[in-house]
Amino acid sequence: MRLSPDAMIFWQHGFVKLNGTIVFTWAVMFVLSAGAMLVTRRLSTGMKRSRWQNLLEIIVTGIEQQIGEVGLCHPRTYIGFLGSLFLFIAISALGTVIPGFEPPTGSLSTTAALALCVLVAVPFYGIEERGVVGYLKSYIEPTLIMLPFNIISELSRTLALAVRLFGNMMSGSMILAILLTITPFIFPIAMSVLGLLTGMVQAYIFSILAAVYIASATRARRPKPKPATPAEA
Amino acid sequence: MDSITLVAVASIATAGLTIALGSIGPALGEGRAVATALTSLAQQPDAAATITRTLFVGLAMIESIAIYCFVVSMILIFANPFWNHVITQAATK
């Protein structure tokens, strides 16, 4: 019973192993980069545009709108990081329709790496927005006694991000593997569709939580902004 | 009862209990969350996007608790360090 794509070894030389996680991660990266480069070779600003450019514009403006609704001003500065997180996790989840593809996010190494990226990005954007002193002052925000709790909450948030994504993706592929040994055809397909749905929801959750953490780190102390009117949304 | 039997019985029983008890709380919590979200959707349908997004984020946070219990259960069954230890001890004897 395979617990993660780490156990699929494609090639080994001494202690250097090329396992399934590395191969599928590079496959997803290749698909994303090659697809983006192919679509953006001939961009048009008129009314006539290719359908792939249309699709990319829908995705990019959709992510930008979601980042803006979370409360980050200038979503364009963050869309590189948050958009890449969402697209990587989403494409790894969607790729399960291809036979033989195991999502690389089903391995704790990949999800821990993504959570560590968020752990580094939060102080990075916080210091970029508020300066070192301003960002460090947020740790003693209500009172000085809260300092250890704030630090612990940072670390536990990162751990929760990693384990949540790993648990969801791993359980999806494991339930599929178990069911395939029991029932023939229809039930595993239904569970595979459910796995697709949870994969997309988890991709959205991961990037929205990262956006919320960055927003709480970059939010300067100012009076509560007015609630968003329907015209802004 | 020797140590191999003890470790096996404890791991199997704990794995089953973990996932059984650990799913009760999140299931009840998610039910309440969805019920409240439906009530507020009926009261304010034009805030549907915000309510739905907040509902999904909240459901994912509640679901993580069940996921933690599931991960512990899987570790006890498939990647159990105590079981590996007693097995290597019995193999070298």
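**Exercise 1.** Find which residues of H3(A) are buried, and what they pack against.

*Solution.* Start with the criterion: a residue is buried if 20 or more other C-beta atoms lie within 10 Å of its own, exposed if 12 or fewer, and partly exposed in between, with C-beta atoms placed from the backbone. In H3(A) the buried residues are A:Tyr78, A:Ile79, A:Leu82, A:Leu85, A:Phe86, A:Phe88, A:Ile89, A:Ser92 and A:Ala93. Next, look for their partners, where a contact means C-beta atoms, placed from the backbone, within 7 Å. These buried residues pack against helices H1 (20–39), H2 (51–70), H4, H5 (147–180) and H6 of chain A. Finally, follow the axis: H3(A), residues 75–94, bends by about 35° at A:Phe81. The bend is the angle between axes fitted to the seven residues ending at a residue and the seven starting there.

Some ground rules apply throughout. This is a predicted model, in which local features need pLDDT of at least 70 and side-chain atom pairs count only at pLDDT 80 or more, while totals for chains, interfaces and linings use all residues. Residues are numbered from 1 along each chain as its sequence is written, and chains are lettered from A and ligands numbered from 1 in the order in which they are written. Helices (H or I, at least four residues) and strands (E, at least two) are DSSP runs, numbered from the N terminus.

**Exercise 2.** Describe how H4(A) packs with H6(A).

*Solution.* Take the geometry to begin with: H4 (residues 108–137) and H6 (residues 186–218) of chain A have axes 8 Å apart, at an angle of about 15°. Axes are lines fitted to C-alpha atoms, for helices over the stretch in contact, and angles run from 0 to 180 degrees between N-to-C directions. H4(A) and H6(A) are therefore roughly parallel (under 35 degrees; over 145 is roughly antiparallel, 65 to 115 roughly perpendicular and the rest oblique). The crossing of H4(A) with H6(A) is right-handed, meaning that the near helix is turned clockwise from the far one by less than a right angle, whereas anticlockwise is left-handed. Then sort the contact by class: 10 nonpolar, 2 polar and 2 charged residues. Here Ala, Val, Leu, Ile, Met, Phe, Trp, Tyr, Cys and Pro count as nonpolar, Asp, Glu, Lys and Arg as charged, and the others, Gly among them, as polar.

**Exercise 3.** Work out how H5(A) meets H3(B).

*Solution.* The axes of H5(A) and H3(B), residues 48–78, come within 9 Å and cross at roughly 70°. That makes the two helices H5(A) and H3(B) roughly perpendicular. H5(A) passes H3(B) in a left-handed crossing. Their contact divides into 7 nonpolar, 4 polar and 1 charged residues. Now widen the view to the chains: the contact takes 11 residues from chain B and 11 residues from chain A. On chain B, the side touching chain A has 10 nonpolar, 1 polar and no charged residues.

**Exercise 4.** Is A:Met170 buried or exposed, and is A:His74 buried or exposed?

*Solution.* A:Met170 lies in helix H5 of chain A. With 23 other C-beta atoms within 10 Å, A:Met170 is buried. A:His74 sits in the loop between H2 and H3 of chain A. A:His74 has 11 other C-beta atoms within 10 Å, so it is exposed. Most residues other than glycine have a negative phi.

Conventions: Contact = placed C-beta atoms within 7 Å.
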